[in-house]
Amino acid sequence: MGQKNNVTEFVLLGLTQDPDGQKALFVLFLPIYIVTMVDNLLIVVTVIASPSLGSPMYIFLAYLSLMDAVFSTAVSPKLIIDLLYDKKTISFPACMGQLFIEHLFGGAEVFLLVVMACDHYVAICKPLHYLSIMNQQVCLLPLVVAWAGGFVHSMIQLFFFFLSPLLWSQCH
C-alpha cells in the first residue's frame with residue numbers, strides 16, 4: 001500500500017499568537033486593505049469614465065489597478081478575519097483556490113508591467129509615431145498575453161505543487 005495524503009485543512013499560525021498583538025495587526029491591516037481597494041477601484045472607474053484617458057497607457061494602468069485589487073483580495077481578507085478569531089484554518093480546496101488566484105493575478109501583473117515598460121519605451125523613443133503604433137486594437141493583444149501568461153504561470157505552480165508529494169514519496 002502506498003502512502004496517501006489526507007490533508008483536509010491547514011492551520012494558519014499567523015504573525016503572532018498574542019491576542020493584543022493580533023488586535024493591533026487587525027487595526028493596522030484593515031485600513032491599509034480598504035485604502036488599497038478604494039484607490040485601485042477609483043483608478044479603474046476614472047479611466048473608464050473619462051474619455052480623455054483612452055490612450056493605451058491609461059488602459060494598461062486601469063488593468064494594473066484591477067489586477068492589484070483582485071490580487072490583494074486573494075489573501076488579505078482571510079488574514080484580516082483570522083486576526084479576530086481563535087480558529088485559524090483554511091480548507092485544502094480554499095487554499096488551492098487562493099494559491100491559484102494569487103499566482104494568476106501576480107503573474108499577470110508582472111507580464112503587464114513588462115507590457116507597460118514596452119509601451120513607455122515606444123512613447124519615449126518614438127513620440128510622433130506613438131498613436132499609430134499603440135492604438136486601441138494593438139493594446140488588446142498585450143493584455144491577452146498578460147492574462148494568458150499569468151494563467152500559464154498559475155497552472156505551472158499548481159502542477160508542481162501537486163507533483164511534489166509524488167516525488168517526495170519516491171525518496172527513501
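Modeller: Gladly. Keep in mind that this is a predicted model. Start with the bend in H2.

Colleague: Where does H2 bend, and by how much?

Modeller: At Thr73, by about 35°. A proline, Pro77, follows within four residues.

Colleague: How do you know that the length of H2 fits a helix?

Modeller: H2 has 27 residues, 56-82. At 1.5 Å a residue, they should span 39 Å. The end C-alpha atoms are 40 Å apart, which agrees.

Colleague: What about helix H3, residues 92-125?

Modeller: Its 34 residues should span 50 Å, and the end C-alpha atoms are 49 Å apart, so that agrees too. Ser91 caps the N-terminal end of H3. A side-chain oxygen of Ser91 lies 3.2 Å from the backbone nitrogen of Ala94.

Colleague: Why is the contact of Lys78 and Asp82 called a salt bridge?

Modeller: The cut-off is 4 Å between a Lys or Arg side-chain nitrogen and an Asp or Glu carboxyl oxygen. Here the N to O distance is 3.3 Å, so the pair qualifies. The structure holds one salt bridge. Lys78 and Asp82 are four residues apart in helix H2, so about one helical turn separates them.

Colleague: Is Asp82 buried or exposed?

Modeller: Buried means under 20%. Asp82 has 7% relative accessibility, so it counts as buried. Lys78 has 25%, so it counts as partly exposed.

Colleague: What makes Val152 partly exposed?

Modeller: Its relative accessible area is 48%. Exposed would need over 50%. Val152 sits in helix H5.

Conventions:
Residues are numbered from 1 along each chain as its sequence is written. This is a predicted model: local features need pLDDT of at least 70, side-chain atom pairs count only at pLDDT 80 or more; totals for chains, interfaces and linings use all residues. Side-chain values use heavy atoms; hydrogens and water are left out. Helices (H or I, at least four residues) and strands (E, at least two) are DSSP runs, numbered from the N terminus. The expected span of a helix is 1.5 Å times one less than its number of residues. The bend at a residue is the angle between axes fitted to the seven residues ending there and the seven starting there. Buried means under 20% relative accessible area, exposed over 50%, partly exposed in between (1.4 Å probe, protein chains only). A polar contact is a pair of N or O atoms within 3.5 Å; within protein, one must be able to donate a hydrogen and the other to accept it, and residues adjacent in sequence count only if both atoms are side-chain atoms.
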